[in-house]
Structures are given as C-alpha cells and as structure tokens.
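Welcome, and thanks for opening the viewer. Switch to a cartoon view, keep the selection tool at hand, and follow along stop by stop.

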Amino acid sequence: MTTDGVELARLTLSDGRGGQVRWELTPDHPRVTVGRSTESELSLPGDDEVSRLHAVLEYVGGHWTIVDDGLSRNGTFVNGDRITGRRRLRPGDSVRVGGTAMTYQEFGGVADDATMVAGSVPNIRMLTQTQRSVLIALCRPYKHGAAFANPASNQQIAEELFLTVDTVKAHLRTLFGKFGVEDLPQNQKRVALAERALHSGLVTSHDL
C-alpha cells in the first residue's frame, strides 16, 4: 500500500486443474474488462455462466472497484452479495462472476504467496455433488444469518445426508484442502470452511 492508494493488487482464481491464476492490477492500467469474450482483458471463455462483457474493474480514488451496471445476465457477487453499480474491493474480498470465484488482495510490494493461497476458494465446478451437499449441511446452522452459530457436527451432516460419519470426515478433509484451511488448528478448520463457503457465494442463504 502507498499513502496515495493501492500500489499493487491481485485477483486469484482457480485454473480448474488444481492450480491458480493470478491477475495483477496496477494503477498504470486502471480499467480491466471481465467477461467470457476473448476480447475481455480478464477473459473467462470456459465459464458459460459469465456474460460476454460481465463486469469492469476500475481504479478510482486510489482504490480498486468492481462495476456491474446490469451488463451481466447472472450478476456479480462480492462476499456472497449481488452488487448493483460500483463496489469498492477490500483485501480478502471474494468476488464471483458466473461460476468463477476469485479472491482480491492488496500488497505494498512483493506478493505474499502464503496469504494468496490461504485466501483462495475453489470454483463450483471443482466440487462434486456430494462435496457441495456436505458443505451446505455444514453451513445449515447459519441460516437466517445467525451470527453466533457453529457449523454442523459430523454426526448432524451424516444424518442429514444419509452418509456414514467416516464418509463425512473424508469429504471434509478434501474440502479443507480445496479451501486452503487444512493447515489451520483443528478447532478452527470447520468455522473457516463454513465462512469461506458463505462469503464466496458457493453456499447461499437460498441453499440453507
């Protein structure tokens, strides 16, 4: 960061093969189009839920913003909320366009790889149907915006989905890895997983 504004920012998204793509944002290039069209500067041709011109990233007043003025068919989401017009981006924000989830970060110099990986979330296409069902069941106690809820237990998830507890544990271990929380202390993993699933928009209030 500089005193005049953001010196360097990045969007990180999955490449669909377990790797990550990082898109660098600098004030020298203050407008970046996002869309399915190959003419878009941040092009997502493999995502059919993304419109040809979906949204625009703009550097305004020393800060990066994302703009969706009704350009997209399926909307643009920041931390799970569909935006209208312009939204300022803040470090750690999850941005979703179509089925593609991205994480926004700001840096004062060389990017911190550990921070980037920890902030990542998978594309919805990277989850199996059962993994997403486990994720939704895990987040079920947060229905209606319950601020002090705890994620569902393995037993609760197993009973809801008619799975064994061991199967639930196996799916959760995979999800911990996909959401980059596997290195957190054991008592923090479930909460972090639920929060990232909700903030990214991979699990919505409608799902719960």
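Two strands pair if DSSP finds at least two bridges between them. Helices (H or I, at least four residues) and strands (E, at least two) are DSSP runs, numbered from the N terminus. With that in hand, S6 and strand S9 (residues 85-88) can be called a pair: they are antiparallel and share four bridges.

A word on what you are viewing: this is a predicted model, where local features need pLDDT of at least 70 and side-chain atom pairs count only at pLDDT 80 or more, while totals for chains, interfaces and linings use all residues. Residues are numbered from 1 along each chain as its sequence is written, and side-chain values use heavy atoms, with hydrogens and water left out.

**Stop one: strand S6**

Select residues 63-68. Five of the six residues of this strand, S6, are buried (under 20% relative accessible area, with exposed over 50% and partly exposed in between, using a 1.4 Å probe and protein chains only), so S6 is largely enclosed by the rest of the structure.

Val60 has His63 of S6 as its bridge partner. S5 and S6 make a hairpin with two residues between them, and Gly61 in the turn has a positive phi of about 60°.

**Stop two: the open sheet**

Here, six strands form an open sheet with antiparallel pairing, in the order S2-S1-S11-S10-S7-S8. At its edges are strand S2 (20-25) and strand S8 (81-82), each pairing on one side only. Select strand S1 (residues 8-14) together with strand S11 (residues 100-107) to see an antiparallel pair with six bridges. In this pair, Thr12 is opposite Thr103 of S11.

**Stop three: the helices**

Select helix H2 (residues 129-139), whose buried residues include Val134, Leu135 and Ile136. Among the elements covering the buried residues of H2 are helix H3 (154-161), H4 and H5.

Finally, show helix H4 (residues 165-178) with helix H5 (residues 186-200). Their axes (lines fitted to C-alpha atoms over the stretch in contact, with angles from 0 to 180 degrees between N-to-C directions) come within 10 Å and cross at roughly 70°. Which residues of H4 and H5 make the contact (heavy atoms within 4.5 Å)? Look for Leu172, Leu175 and Phe176 on H4, and Lys189, Arg190 and Leu193 on H5.

Key:
Contact means heavy atoms within 4.5 Å.
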